[in-house]
Amino acid sequence: MTVESTAARKPRRSSGTKRASAKRTPQPQSSDPQLVQLLSPEGERVEHPEYEIDPSPDELRGLYRDMVLTRRFDAEATALQRQGELGLWASLLGQEAAQIGSGRALRDDDYVFPTYREHGVAWCRGVDPTNLLGMFRGVNHGGWDPNSNNFHLYTIVIGSQTLHATGYAMGVAKDGADSAVIAYFGDGASSQGDVAESFTFSAVYNAPVVFFCQNNQWAISEPTEKQTRVPLYQRAQGYGFPGIRVDGNDVLACLAVTRSALERARRGEGPTLVEAFTYRMGAHTTSDDPTKYRADEEREAWEAKDPILRLRRCLEREGHADEAFFAALDEESEALGKRVREVVRAMPDPDPMAIFDHVYADGHTLVDEERAQFAAYQASFADADTTGTASAAEGSK
């Protein structure tokens, strides 16, 4: 099976009640003037009056490779969770273009505040994919040093990372740096008060931050029309900064729009809201069953807009990649999947006492007491094992 075919798998139809009966708001089409698009679902280049990009063949192949390997890693992580190796996993299936396009627009000195689904952005920032899995396996609280790649730890609390990003961006401005900050969140998080507060502070303080909303249209089981009565990007107007809607399945458009927003932030012109209009092809997380709340036909319509297939059509149409390139990439993706499996299964269990190590920088008497109590509790199991072994040995005489 090729890596592109993952998105084409159809979910099982559930037996029982009728699904997705809620009325759905019409989806933007390619002809929608408010939707920035540079690459059609058929792989044809599209001109836009405000956004222009002319990537080289090498850059196009690089973007394609990024998306393919990200999808392969994501598929492997999903499989590992199903096998009991991970406690949970949040798939990005279908959102590769939004993440790779925006991720490749960043400079090394820009800073990223992700949610828990930005595996493609992490890839662009040079975070080893296996480091993303430690938290989901329960062996660490993150797995990487945020300052090594300017990529913050994953944030599980919905929407709070936008506040962190805004505060960090305000600090960047006070330091006089010309770098920018980007905060990722979903359509569901846009209903959180933290996001509204972030918009207010960033606008008032002219913070160099880009708010990148991946509107995958389903906040778990709630459709976007249950979140807002206006398109999400228009919310920025009420706070005094621009909002842009981009085709989230178009990696070139996401790259161009995010690059423009970041440059605007670096020039001191304040925040921008980018709404990447995309679709979550899989479940919200591995604990979710999307067949209970949305129709198969909806997913099938979006499969035709698959971001990886779209760029492959472009590469083939323009003669920038041959079968040897695609075959070599398939081999590379399988090697990545194998490495991820091996590394995850070899992850050591954490030291139970480590939870006390970094609570306070200079130590604390209460924490010291709790550490001693927990150590004694752990030791009681060892004593019980020793007693049980001795008793068994005595009884065998």
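Is Tyr 205 buried, partly exposed or exposed? In this predicted model, Tyr 205 has a relative accessibility of 48% and therefore counts as partly exposed, since that class lies between the limits of 20% and 50%. Tyr 205 is found in the loop that runs between α7 (193-204) and β4 (209-215). Together with Phe 201 and Val 204, Tyr 205 makes a nonpolar surface patch of about 340 Å².

Aromatic rings may also be considered in pairs. A pair of aromatic rings is described by the distance of the centres and the angle of the planes. The count in this model comes to 26 aromatic pairs. One of them is formed by Phe 356 and Phe 374, a tilted pair with 5.9 Å from centre to centre and 55° between the planes. Phe 356 lies in the loop between α11 (323-345) and α12 (365-395), while Phe 374 lies in helix α12, so the pair ties together parts that are 18 residues apart in sequence. Phe 356 counts as buried because its relative accessibility is 10%, whereas Phe 374, at 25%, counts as partly exposed.

Phe 374 also pairs with Tyr 377: the ring centres are 6.3 Å apart and the planes meet at 35°, so this pair is tilted. Both residues belong to helix α12 and are three residues apart, about one turn of the helix. Tyr 377 is partly exposed, with a relative accessible area of 47%.

Elsewhere, ring pairs link Phe 73, Trp 89, Phe 136, Trp 144, Phe 151 and Tyr 154 into a cluster.

Charged residues also lie over rings. Lys 305 lies over the face of Trp 302, at 4.1 Å from the ring centre, and Arg 312 lies over the face of Phe 326, at 3.7 Å from the ring centre.

Notes: Residues numbered from 1 in each chain as written. Predicted model: local features only at pLDDT ≥ 70, side-chain atom pairs only at ≥ 80, totals over all residues. Heavy atoms only, no water. Patch = residues over 30% accessible without salt bridge, like charges linked within 9 Å, V, L, I, M, F, W, Y side chains within 5 Å. Areas by Shrake-Rupley, 256 points an atom, 1.4 Å probe, with all protein chains shown as cover. Salt bridge = Lys/Arg side-chain N within 4 Å of Asp/Glu carboxyl O. Helix = DSSP H or I, 4+ residues; strand = E, 2+ residues; numbered from the N terminus. Buried < 20%, exposed > 50% of the residue type's maximum accessible area, 1.4 Å probe, protein only. Phe/Tyr/Trp six-rings, centres within 6.5 Å; stacked < 30°, edge-to-face > 60°. Lys NZ or Arg CZ within 6 Å of the ring centre and 35° of its normal.
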